[in-house]
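Hi,

Here is the structure I promised to pass on. Have a look at it first, and then read my notes below.

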Amino acid sequence: MRYHTLLLIFCLYIIFPADIYGQTTDKGEITGKTIDRNSEEPLGYVYLHLEELNRTTTAHSDGSFAFKNISPGNYTLSATRIGYQAVSQTITIEANETTEITISLKPSSLSSEAIEVVGTTDQSSAGSLEHASKTIQGTDLRQNLGTTLSATMDDLPGIDSRSMGSAPARPVIRGLGGERVLILQDGERTGDVSSQSADHAVTVDPMAAEEIELARGPAALEYGSNAIGGVVNVVRNQISSSLPDHFHGTASLQGKSVNTGSVTALNAGGPIGNSLALKLDGNIRSARNIKTPEGTLTNSGIFSTNNALGISYLRPWGYAGLAGSMYLNNYGIPPDPNGGHEHGVDIEIQKYQAEGKTEFSLNNDIFKSIKTTFSHKSYYHKEIENSGAVGTEYGVLTTNGKITTQHENWGFLDEGTIGLWGETKNYAVNGTQTPNSNAHSLAGFAVEEKDIGALHLEAGIRFELTQSIPEDEYSASIGEIRERTFSGLSTSASAIYDWGHGFFTGTTFMHSFRAPSQEELYSEGPHLASYSYEVGNPDLNPERGLGKELFIRYRTTSATAEIGVYHNSFNSYNYPRNTGEPSSRFPSLNVYQFTGVDAVFQGVESSYQVEFLNNWVMSGSFSYTHAKRKAANEGWHPLPQIPPLQGNIGLKYAVGGFQLGGKTTIAARQSRTGEFEGPTDGYTVFNIFGQYRLEGGSFLHTVSLNAENIFNRTYRNHLSRIKDLMPEPGRNFSLLYRIYF
Amino acid sequence: MHFLNLLSIRTLLAIALFAIFVIVGCSNPANSDDEDHLHAEGAILQMNGEEILRIEGGEFVSNNTSLEVDSGDETPLITIFFLDHDGETFHPGDDHYALNWDKIDTSIAEIEQHEEDGKWSFHLVGQGQGETEVRFRMWHEDEDHSDFDTPAIPVNVN
C-alpha cells in the first residue's frame with residue numbers, strides 16, 4: 001500500500017506539473033557550431049554539457065547544436081570530443097533571445113581526464129576543479145573497457161578490483177570497499193547486493209556507460225553518508241534532460257581472446273515530435289572460461305544482457321521522464337575443493353528497475369530548479385550448486401526518492417544543492433537462518449560552494465536516520481534479533497587554491513557515518529559461493545570514519561601531475577572477519593563473523609602525463625595503502641584484502657586519429673596480510689594498445705585493439721578471492737569497434 | 001485542445017510508469033513462507049543403540065572418527081541423531097526433511113536405507129576394499145538445500 005501511495009503521488013506530479021509551476025515563458029536558447037581549432041573545419045560528434053542544468057547534447061556531423069528553453073542566467077558549457085582537448089565556456093542567456101556561439105577545440109594526445117581539466121585551466125578558475133573528481137570517457141573508456149565496471153576503472157591510481165572470477169568484481173578505492181564505495185547509475189543506487197560479498201556482481205555493465213565519474217568529499221554527501229571511499233557514477237543518461245534535434249548514438253562490437261568473449265551493444269536517442277525524447281540502449285555479453293598461464297579457470301563463464309528504455313517529456317518548465325531497465329546475468333563461481341564447493345556454483349541474477357525524474361526550472365533569483373527522482377528496483381539472485389540444488393537466494397526490493405533544489409548566490413554562498421532523500425529496502429535471504437527484514441532511511445543534505453579569489457571552497461553536510469526492522473524478534477545463536485535505529489551526521493569540507501601557472505593545492509576532510517546493513521546485523525547461514533558461513537552481529541555499532549587528504553596538482557596544456565596523501569581512521573570499522581573456525585553446521589565453510597574494530601587506512605598516490613615532441617605522451621602512476629586494525633589486547637594488525645604498492649608506466653604515440661602505445665604495470669609483493677590470508681608475489685605485466693578513428697559520411701568509426709599480458713606472465717591479484725586457485729588471465733587480445741552516429 | 005494534448009501525453013507517461021511498476025513488481029522474489037529451518041549444531045551416529053561417533057562444532061569429538069565395514073558385508077543399523085544448541089538430540093519432526101549424503105565412492109562403499117528402518121537410519125555396505133568418505137546432510141526437501149552438514153567421515157572397507 002505504501003508503494004502505491006507514493007506511486008499515485010508521483011503520477012499526479014507528472015500529470016499536473018505545469019499547473020503547479022506555472023511559469024513557462026521568458027526562456028532563451030543557445031545555438032552554435034563546434035570547429036577544429038587548427039583547420040577551422042566543422043567538427044561533429046562533440047559532446048556538449050550545460051553543467052548547471054545538467055543538460056547534454058551531441059553536435060551534428062556538421063558541428064551544429066542547440067539547447068532550448070533555458071532560463072536567463074550565466075551557465076557553463078563544456079565540450080568534449082575524442083582526440084581533442086575539452087573546453088569550458090561561460091555563457092549568458094537572456095530572456096527570449098538566442099545566444100549564438102562557436103566552440104573551437106584543439107587536437108590533443110593526452111588522456112580524456114587530463115584534457116578535460118587542462119581545457120578548463122584556460123579559464124584560470126579554481127572553481128572548475130570542483131568536487132576533485134576523476135572521469136573516464138572517450139578514448140580512455142574504450143581502451144580500458146573491461147568485462148566489469150571494476151576492471152574498467154582499475155587503471156586509475158588508488159583503484160583496485162575485488163574479484164572472484166570473470167563477472168563478480170567491485171571497485172576498491174584506497175583499500176576501502178563494500179558500502180564505503182557507493183556505486184550509482186545515473187545518480188541512482190544500483191539496488192544489488194554487490195557490496196556484501198565477493199561473489200556478487202555489480203549490476204551495471206560498463207558497455208552501457210557514456211562516461212564513468214568518481215567523486216569524493218562534499219559532493220559525495222548528496223548520495224550517501226557512508227561513501228568515504230568515493231562515489232562511482234556510471235553515466236548512462238537513460239532519461240534525457242534535453243531535447244536532441246536528431247537521432248544519435250553508438251553501436252559497438254567487442255571481442256576477447258582470453259575467454260572467447262563477445263559483446264554487442266547499441267545506444268541510441270532522439271526526438272519524437274517537439275516535446276518527447278526517446279532513449280534506448282542494450283547489450284548482450286557472453287564469454288567462456290578464462291584461460292590463464294596455468295590452465296583454464298573452470299566455471300568462469302558469463303552470459304548477460306542489460307537493456308533500458310527511457311522517455312522524456314520536455315517543456316519550457318523543465319522535463320519529466322520515465323525509464324525501465326532489465327539486467328540479467330548468469331555467471332559461474334570457480335570450484336574450490338578446499339573452500340566448500342568442489343564443483344563450483346552458478347549464479348543467476350535478475351534485476352528490474354523503474355525510475356522517474358523531473359526537473360522544474362524556477363523563475364527565482366536564488367533557487368534555479370527543483371529536481372525529483374524516484375526509483376524502484378527488484379533484485380533477485382540464486383546460487384545453484386552442482387547438483388542443481390539452490391543453495392542461497394537473495395531478494396532485495398529497494399525504493400528511493402529524492403528531491404533537490406539548486407541555488408545560486410544565496411547570502412555569501414555562490415551555489416549549492418539542498419535536498420531530502422528517502423529509501424526503503426526489503427531484504428530476504430532463502431537457504432539460511434537470516435530473517436527477512438526491512439530498512440527505512442531518511443536523509444537531509446546540503447552541498448555548498450564558494451569562490452574567494454583563487455580559493456575554491458566546498459562544504460557538505462548530511463543527516464541520516466536508518467531503522468532496520470526484522471520481521472520477527474527472537475533470541476538467536478548470534479544474539480538478540482531486534483529492531484535497531486541509527487542516526488548520525490556526516491560532514492565534509494574541501495579547499496582548493498589556485499597558485500597560478502597550473503599549480504593547485506587542495507585538502508579535503510570528511511567525517512562519515514555508516515549504519516550497519518541488514519546483512520551485517522542479521523546474517524546467519526552458509527554462503528557456498530563465497531566459501532563462508534556468515535554470522536551477523538545484532539549489536540554492531542555504526543561505523544564512523546574521519547578522512548583527511550592533501551594533494552598538489554600541476555596542469556598545463558602539455559603536462560599534468562598530481563600527488564596526494566590520505567589518512568582515513570575508523571571507529572567500529574565493520575567487516576566480516578575470517579575466524580579460521582569451521583562452522584558447526586557446515587564444517588567445510590569457515591565462520592566469517594561481522595565485527596567492528598578500530599582501523600586506519602593511510603597512503604599515497606600519484607599520477608602524471610607529459611606530452612613531448614608534439615606526438616608523444618609519457619604517463620605513469622603509483623599508489624600505496626597501509627591498513628591496520630586494532631585487536632583487543634594485541635595491538636595493531638594488518639587488515640585483509642589490501643592492495644600492494646603498485647604503479648604503471650606508459651608511452652603513447654598519437655598522430656591524427658591514430659594512437660599506438662604500451663603500458664607496464666608493476667606490483668610489489670604483498671606480505672602484510674590479514675588473518676588466514678596468504679601473501680601475493682609481485683609482478684610485472686606488459687600491455688600494448690592501438691586506436692584508430694575515421695570520420696566518414698555521417699559516421700565516426702573507432703577501432704581499439706589491446707594486447708594484454710603479452711608475455712603470458714603468471715601473476716595474481718591480491719584482492720582476488722580465488723588467487724590461490726588460479727592466477728589472473730593470460731595473454732589476451734581484444735578488439736573494440738564502435739561507430740558513432 | 002492544446003490542454004487535452006498535454007494531458008494525454010502526461011497521462012500516457014503515468015500509465016507507462018504504472019506498467020513499469022507492475023512489471024518490476026512489489027513482492028520480494030526471495031520471500032518464502034516456509035522459513036522453518038532447523039538449527040542443528042552437531043550429530044551423533046548410533047549403532048545398536050551405542051554411540052559410535054560424535055560431531056560437535058564441526059569437528060569429531062569422539063575417539064572413533066571413522067566408519068568401518070568388511071567388503072561384501074554390511075553394518076548393523078546405524079542411526080543419525082542431530083544435536084541442538086543445548087546438546088540435546090533430535091530428529092526433524094516433519095515431512096520436509098530427509099537424510100542425504102554425498103562424497104562417497106560407491107565402488108568402495110554404499111549407504112543403504114530400508115523404509116521400515118525410518119528415514120534417519122541406514123546400513124553401510126562394503127563393496128570393495130579401500131578408503132572413501134561420506135558426508136551426511138539434513139536435507140530440507142521443500143527448499144532443496146541442506147540445513148546441516150557433517151564433516152566428511154572417513155570410511156574404511158577391509
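Predicted model: local features only at pLDDT ≥ 70, side-chain atom pairs only at ≥ 80, totals over all residues.

Leu48(A) has Thr57(A) in strand 3 of chain A as its bridge partner.

A word on terms before going on. Strands (E, at least two residues) and helices (H or I, at least four) are DSSP runs, numbered from the N terminus. Two strands count as paired if DSSP finds at least two bridges between them.

Residues are numbered from 1 along each chain as its sequence is written, and chains are lettered from A and ligands numbered from 1 in the order in which they are written.

Now the bigger picture. Chain A has six helices and 43 strands. Its C-alpha atoms fill a box of roughly 75 × 60 × 50 Å along the principal axes. For 741 residues, a compact globule would have a radius of gyration near 27 Å, and the 25 Å of chain A agrees with that (the radius is taken over C-alpha atoms, and the globule rule is 2.2 Å times the number of residues to the power 0.38). Of the 741 residues in chain A, 56% are buried. Here, buried means 20 or more other C-beta atoms within 10 Å of the residue's own, exposed means 12 or fewer, and partly exposed is in between, with C-beta atoms placed from the backbone. Among contacts in chain A with a separation of 6 or more, 65% are between residues 24 or more positions apart (a contact needs C-beta atoms, placed from the backbone, within 7 Å).

There is another open sheet to look at, with three strands in the order 4-1-7 (chain A) and mixed pairing. The edge strands, strand 4 (64–70) and strand 7 (98–105) of chain A, each pair on one side only. Here the twist averages 20 degrees from one strand to the next. Strand 1 (residues 28–36) and strand 7 of chain A pair in the parallel sense over eight bridges, with Thr98(A) in strand 7 of chain A as the bridge partner of Glu29(A).

Next, some hairpins further along. Strand 22 (residues 345–361) and strand 23 (residues 367–385) of chain A run antiparallel, joined by 17 bridges, and five residues lie between them in a hairpin. Glu348(A) has Lys382(A) in strand 23 of chain A as its bridge partner. Strand 23 of chain A is also joined by 17 bridges to strand 24 (residues 390–410) of chain A, again antiparallel. That hairpin has four residues between its strands, and Gly388(A) in the turn has a positive phi of about 100 degrees. His381(A) has Tyr394(A) in strand 24 of chain A as its bridge partner.

Leu413(A) sits in strand 25 (residues 413–430) of chain A. Is Leu413(A) buried or partly exposed? Leu413(A) is partly exposed, with 16 other C-beta atoms within 10 Å. Leaving out residues up to four places away in sequence, Leu413(A) touches Glu448(A) and Lys450(A).

Finally, the nonpolar cores (sets of buried Ala, Val, Leu, Ile, Met, Phe, Trp, Tyr and Cys residues joined through C-beta atoms within 7 Å). The largest has 67 residues, and those with the most contacts inside it are Val181(A), Ile212(A), Ala220(A), Ala227(A) and Val231(A). Apart from this core lies another, of 23 residues, including Leu45(B) and Ile80(B).

Best wishes

Note on methods
Contact = placed C-beta atoms within 7 Å. Axes fitted to C-alpha atoms, helices over the stretch in contact; angles between N-to-C directions.
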